[in-house]
Amino acid sequence: MSSSERERKSPFSVSRFGAIAGLLMSAAAMSACTVQPLYSNSPSQPGSMSSTPAELSSIAIKPVSTRYGQEVRNHLIFMFNGGKGQPTDARYSMNLRVTAVAQSAALVQRATESEPTAGVVTMTGIFSLTEIATGKEIAQGQRQISSSYDRPLQEFAALRAIRNAEDRAARELAELLRIGIAQELARKPR
């Protein structure tokens with residue numbers, strides 16, 4: 001075997017060694033990463049989020065003033081407590097403000113007057129979570145969702161389409177708020 005053949009094999013073995021070393025280092029780095037379900041029922045461990053469902057069920061949501069705000073509130077109460085209603089011995093109090101804006105999605109020239117146009121309802125939920133015992137605000141946030149609808153020419157049908165879009169947006173906004181609040185509670189130091 002000549003020296004030129006040895007030199008040709010040398011870069012291959014170096015790159016092979018580098019690839020194996022890189023693979024081992026990435027495996028070691030990945031072993032430090034852990035992924036846990038947000039709503040797990042596993043035994044409590046340091047850093048575990050198993051107490052999050054119990055904390056969610058101890059949130060009392062203050063009344064809101066609009067119909068779509070009440071829809072969001074009702075969905076949140078149901079999701080927090082599994083259909084049991086507001087807790088009697090709440091640990092947290094939540095202020096919720098919901099706004100909705102209905103607007104045309106696009107201005108389209110209609111060939112005939114019987115064609116519907118599109119609209120979008122954009123709903124925003126702003127929350128602040130306060131610990132009742134201390135009066136300290138522990139979390140706040142904002143989530144937004146849009147729901148599209150067809151706006152027919154008949155007035156009642158157009159109103160009903162907007163209301164249906166608000167109801168869909170309220171359901172989805174409640175889901176987003178629940179996830180956001182659960183994340184905030186999971187981050188809170190115990």
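**Notes on the predicted model**

1. Let me start with Leu185, which is buried at a relative accessible area of 1% (buried means under 20%, exposed over 50%, partly exposed in between, with a 1.4 Å probe and protein chains only). Leu185 sits in helix 4. Ile138 is 47 residues away from Leu185 in sequence, yet the two C-alpha atoms are 8.3 Å apart in space.

2. Some ground rules. This is a predicted model, in which local features need pLDDT of at least 70 and side-chain atom pairs count only at pLDDT 80 or more, while totals for chains, interfaces and linings use all residues. Residues are numbered from 1 along each chain as its sequence is written, and side-chain values use heavy atoms, with hydrogens and water left out.

3. On the overall layout: the chain has four helices and four strands, and along the sequence they run α-α-β-α-β-β-β-α. Helices (H or I, at least four residues) and strands (E, at least two) are DSSP runs, numbered from the N terminus. Of the 190 residues, 31% count as buried. The chain exposes about 12300 Å², and carbon and sulfur atoms supply 56% of that; the areas come from the Shrake-Rupley method with a 1.4 Å probe, and for residues only the protein chains shown count as cover. Take contacts between residues at least 6 apart in sequence, and 65% of them join residues at least 24 apart, where contact means heavy atoms within 4.5 Å.

4. Now the hairpin. Strand 3 (residues 117-131) pairs with strand 4 (residues 137-151) in the antiparallel sense, over 14 bridges; for two strands to pair, DSSP must find at least two bridges between them. Thr117 stands opposite Arg151 in strand 4. Five residues lie between the strands, and Gly135 in this hairpin takes a positive phi near 75°.

5. Which residues touch the most other members of the largest nonpolar core? They are Ile59, Val72, Leu76, Met94, Leu96, Met123 and Ile181, out of 26 residues in that core. Strand 1 (59-61), helix 3 (67-81), strand 2 (92-104), strand 3, strand 4 and helix 4 (155-187) each supply at least two residues of it. Helix 4 gives the largest share, eight residues. By nonpolar core I mean a set of buried Ala, Val, Leu, Ile, Met, Phe, Trp, Tyr and Cys residues joined through side-chain atoms within 4.5 Å.

6. Leaving aside neighbours within four places in sequence, Val72 is in contact with Leu96, Val98, Met123, Ala170, Leu173, Ala174 and Leu177. There is also a second, separate core of five residues, which includes Val121, Ala161, Ile162 and Ala165.

7. Next, charges. The structure holds seven salt bridges, each a side-chain nitrogen of Lys or Arg within 4 Å of a carboxyl oxygen of Asp or Glu. One of them joins the side chains of Arg67 and Glu166 (2.8 Å, N to O). That pair links distant parts of the chain, with Arg67 in helix 3 and Glu166 in helix 4, 99 residues apart. Arg67 also meets Asp167 in a salt bridge (3.0 Å, N to O), and those two residues are 100 apart, again from helix 3 to helix 4.

8. Buried or partly exposed: how do Arg67, Glu166 and Asp167 come out? Arg67 is partly exposed, at a relative accessible area of 30%. Glu166 is buried at 14%, and Asp167 is buried at 17%. Arg67, Glu71, Glu166 and Asp167 are linked in a network of salt bridges.

9. Finally, look at Glu131. The side chains of Arg91 and Glu131 meet in a salt bridge (3.7 Å, N to O). Arg91 lies in the loop between helix 3 and strand 2 and Glu131 in strand 3, so the pair ties together parts that are 40 residues apart in sequence. Arg91 is partly exposed, with a relative accessible area of 38%, whereas Glu131 counts as buried at 17% relative accessibility.

10. Not counting residues up to four places away in sequence, Glu131 touches Arg91, Tyr92, Lys136 and Ile138.
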